[in-house]
Amino acid sequence: MWTSALTFGLTLLSLTSLTAGHGWVQEVTLASTKYPGYNPNTDPYYNPPPQRIIRKIPGNGPVEDLSLIDVQCNGYKAGGFATAPAPAIGTVAAGSQVKLNWTTWPDSHHGPMLTYMARAPSDITKWSPGTSAVWFKVAQTGKTADGKWAATDLLTASNSVYTFTIPSKLKAGQYIIRHEIIALHSAYTYPGAQVYPSCIQVNVTGSGTALPTSFVSFPGAYTGSTPGIVYDVYTNTSSYPFPGPPVWS
Ligand SMILES: *[C@@H]1O[C@H](CO)[C@@H](O)[C@H](O)[C@H]1NC(C)=O
Ligand SMILES: *[C@@H]1O[C@H](CO)[C@@H](O)[C@H](O)[C@H]1NC(C)=O
Ligand SMILES: *[C@@H]1O[C@H](CO)[C@@H](O)[C@H](O)[C@H]1NC(C)=O
Ligand SMILES: [Cu+2]
């Protein structure tokens, strides 16, 4: 009966999109320059590989075990490239906006969007921070007073483009921007929160001289008992407590 086969197929398809619909940053805009992201569906098949400024990811899925190095850049330690540097670097002036264009984000995956940076001690295309405490937070958006989440509500309303500003006093140099969505649809217990991190390599220019003095590590900054990692997104009407340190100011 081809109709029931078709119905079955469509049911499978909608189940798949309900349970496996995830995403990644598909394009970065620095000033007016657009840099395509690392596409896990196509980039691995190019020879030579495209010269991306975003570090390689294994697919569109999340990291749920927050003790793994995978939570740093959505690399895949078991696949041998946990935090492998990307070959290229973008340029952005301190004080200017960075626009991160996500693939279509599933409606069900409500949660905050947070952004960190880490200063590379030398050539960023050869540097991985490992478990060192090098990260500082530069932006975070959670739930508005009227219950709108950064993801999906605000992200969808801005055509899937998230914007943050490089701190204007930040000292020039090479930095990894670590940006993430934490999807909370299963976060009523730990493990459950789904972290979707993305690591973007930039050369910050300008005459700034400031650097933060306190840092966190990934893994390390988030555990099952960090506020905001366990949060019942369906029933909790309280404000959302951001995980990690305060935003550097
Ligand atoms: C986001 O990136 C995709 C792929 O490059 C592009 O088609 C789309 O227009 C971009 N969206 C915006 C709002 O720039
Ligand atoms: C970063 O920008 C500075 C200032 O323009 C430049 O001198 C330096 O070569 C750039 N480094 C890289 C890796 O692009
Ligand atoms: C709601 O979230 C707040 C902040 O994380 C937490 O303190 C509180 O226990 C939660 N309430 C319920 C009923 O889960
Ligand atoms: Cu998902």
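I count a residue as buried under 20% relative accessible area, as exposed over 50% and as partly exposed in between (1.4 Å probe, protein chains only). The model is predicted, so I kept local features at pLDDT of at least 70 and side-chain atom pairs at pLDDT 80 or more, while totals for chains, interfaces and linings use all residues. Residues are numbered from 1 along each chain as its sequence is written, chains are lettered from A and ligands numbered from 1 in the order written, and side-chain values use heavy atoms, without hydrogens and water.

I looked up the protein donors (N, O and S atoms within 2.8 Å of the metal, 3.2 Å for Na, K and Ca; water is not among the atoms, so sites may look incomplete). For the copper ion, ligand 4, they are His-22 through ND1 and His-109 through NE2, at 1.9 to 2.2 Å. The two are 87 residues apart. His-22 counts as buried because its relative accessibility is 14%; His-109 is buried too, at 1%.

Ligand 1. I found Gln-26, Glu-27, Asn-101, Asn-159 and Val-161 around it, taking a heavy atom within 4 Å as the criterion. A ligand oxygen lies 2.4 Å from a side-chain N or O atom of Asn-101, and for Glu-27 I noted 3.1 Å.

Ligand 3. Its surroundings are Tyr-231, Asn-236, Ser-238 and Pro-241. An oxygen of ligand 3 is 2.2 Å from a side-chain N or O atom of Asn-236.

Methods: Helices (H or I, at least four residues) and strands (E, at least two) are DSSP runs, numbered from the N terminus. A polar contact is a pair of N or O atoms within 3.5 Å; within protein, one must be able to donate a hydrogen and the other to accept it, and residues adjacent in sequence count only if both atoms are side-chain atoms.
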